[in-house]
Amino acid sequence: MHRCIARLSEQPRHHSVRCLSFPVRKRRALRSAFPVLQQHFVPIQQHVYEANLQNSNSCSKRYAELSEKVRKGGGESSIIRHTQKNRKLLVRDRLRLLLDDEDFLELSPFAGLGLPYGDIASAGCLTGVGRINGLWCVVIANDATVKGGTAYPITVKKQLRAQEVAIQNRLPCVYLSEIFPDKNQGGRTFYNEAIMSAMKIPQVSVVCGSCTAGGAYIPTMAEETVMVHRIGTLFLGGPPLVKAATGEEVTPEDLGGATLHAKVSGCVDHFASEEKDAYDCTRNIISTLNFQLPEEEEEPARRRAEEEPLYSSEELLGLAPRSYNYSLDVKMLLHEAALKGSHFVQLCDQRDVPLIFLQNTAPAAAPTLATTQAETNSNCLKAQGSMMSAVACASVPKITVVIGGCHGADSYAMCGRAFDPNFLFMWPNARVSITAPDHASSLLPHDSNQVEDVNRMLTEESSAFFSSGRLWDDGIILPQHTRKVLADCLDIITQQQYQMSTEKAHSSLLRI
């Protein structure tokens, strides 16, 4: 401490000096003075609880059906061709070899379902955050059983969102590449790779299939690349294009196999004779990254997060609102509430306390011409604008869970997707729309004959599954799993403080 003070006194006053070049150990946290609330829990009416429970069970059944569907990938015939003919591992089997355990926070598993051009299971790729040698890493893994590994617009969108998670939370990123992108797609992916490299966010790529055309840039722009012999190939144009252009017949292995790129081109850093060796090699690479994690006994916050809650998490199924009329006493964003929320957000930002938003915004009120009501609305809008500014400018981590309605401008004040939370999840019962179902009359003239049709459309397209299929969130989670998901997210966000020397910016690595 004395040495640190001495060095500080020797520096010019206008320089920013950081004395702590390594994590402080054995630091004792302040003891919390907040008691556990012992007040009596006032339950909602029994008929409301039962209606919510029935709706939650129906949503959970739908959740299970879609989960089973996406786990089948491209279907049985595609799986047989992938595993038996091509002798490749399925994407989830690859993750089991790569990750420490099954503790994997999968992102947007229902993305790609119910789209105008058909169902694309998991958008053709699996993304999420898992531990590799104790380090949380973003994983982007293509599933070649879905449409032959072709990248659709929703595929690119899902990959870009995973890269955003990596950038926002400074997480190492691992690509399991096996992709054939269409034209005019994926350019932002390469831009993000360069930016992440400049930010000293590590990226590792495993070529475990055919990376053709634009897909070839993902592994070559990563900082370290592993390629699997006789399975991985890497070229801008494959053998059919070579024959069409030059008349020459060449095998995929000779044109762009692991031997060529490891010995001749230098596009890959590590040669793996089989897939298992590739994932062992990747785990070794991750172990060399510039992170210094705390010892297990130095993680009291994580231990506290793993404690059992006071009440059974299964009771949340009866508290998940079927509609806003079947909700708990969630406070509406009126003038006073918005001002109180603004001040609280600013306090948390000042003290570096992460923010968790449990969102259930009310349907939009019908317009009125009354003078007093207009004045009340104006005051409310000003206060909500203040809260939006506080939420947007807060630099602390923000996690949003939509537990009911996500309607209108109020959702922005509660850190909706437009306000860039670190993570945003939805309960299966949630509804997302500008106007809530059965409230179309607030948008249309009173004598309009379209109200019924609009309400029907809102009911269908405001569901959480419709929203998640289009990647408007980071995934649907069951209410009883919320505590575990939030604990993992907070742990993931915290990891960036353990990376060493992140201040120095540098250009991205190039293989010349």
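Phe 110 has a relative accessibility of 1%, so this residue counts as buried (buried means under 20% relative accessible area, exposed over 50% and partly exposed in between, with a 1.4 Å probe and protein chains only). Welcome to a predicted model, in which local features need pLDDT of at least 70 and side-chain atom pairs count only at pLDDT 80 or more, while totals for chains, interfaces and linings use all residues. Residues are numbered from 1 along each chain as its sequence is written, and side-chain values use heavy atoms, with hydrogens and water left out.

**Aromatic rings**

Searching the whole structure turns up 7 aromatic pairs. Rings of Phe, Tyr and Trp (its six-membered ring) pair if their centres lie within 6.5 Å; planes under 30 degrees apart count as stacked, over 60 as edge-to-face and the rest as tilted. Two of the pairs are set out here.

| Pair | Distance between centres | Angle between planes | Kind |
|---|---|---|---|
| Tyr 63 and Phe 110 | 5.4 Å | 75° | edge-to-face |
| Phe 423 and Phe 425 | 6.1 Å | 10° | stacked |

The pair of Tyr 63 and Phe 110 links distant parts of the chain, 47 residues apart. Tyr 63 belongs to helix α2 (residues 46-71), and Phe 110 to the loop between β1 (104-107) and β2 (125-132). Helices (H or I, at least four residues) and strands (E, at least two) are DSSP runs, numbered from the N terminus. Together with Phe 465, these two residues form one aromatic cluster.

**Charges over rings**

A charge sits over a ring if NZ of Lys or CZ of Arg is within 6 Å of the ring centre and within 35 degrees of the ring normal. Arg 62 lies over the face of Phe 465, 5.9 Å from the ring centre. Arg 470 takes such a place over Phe 466, at 3.6 Å.

**Two helices to visit**

His 335 is found in helix α14 (residues 335-350) and is partly exposed, at 28% relative accessibility. Leaving aside residues up to four places away in sequence, His 335 touches Asn 379, Cys 380 and Ala 383, where contact means heavy atoms within 4.5 Å. His 335 and Lys 382 are 47 residues apart in sequence, with their C-alpha atoms 8.0 Å apart in space.

Helix α19 (residues 482-494) has 13 residues and should span 18 Å at 1.5 Å a residue, which agrees with the 18 Å between its end C-alpha atoms; the expected span is 1.5 Å times one less than the number of residues. Among the buried residues of α19 are Val 485, Leu 486, Cys 489 and Ile 493.
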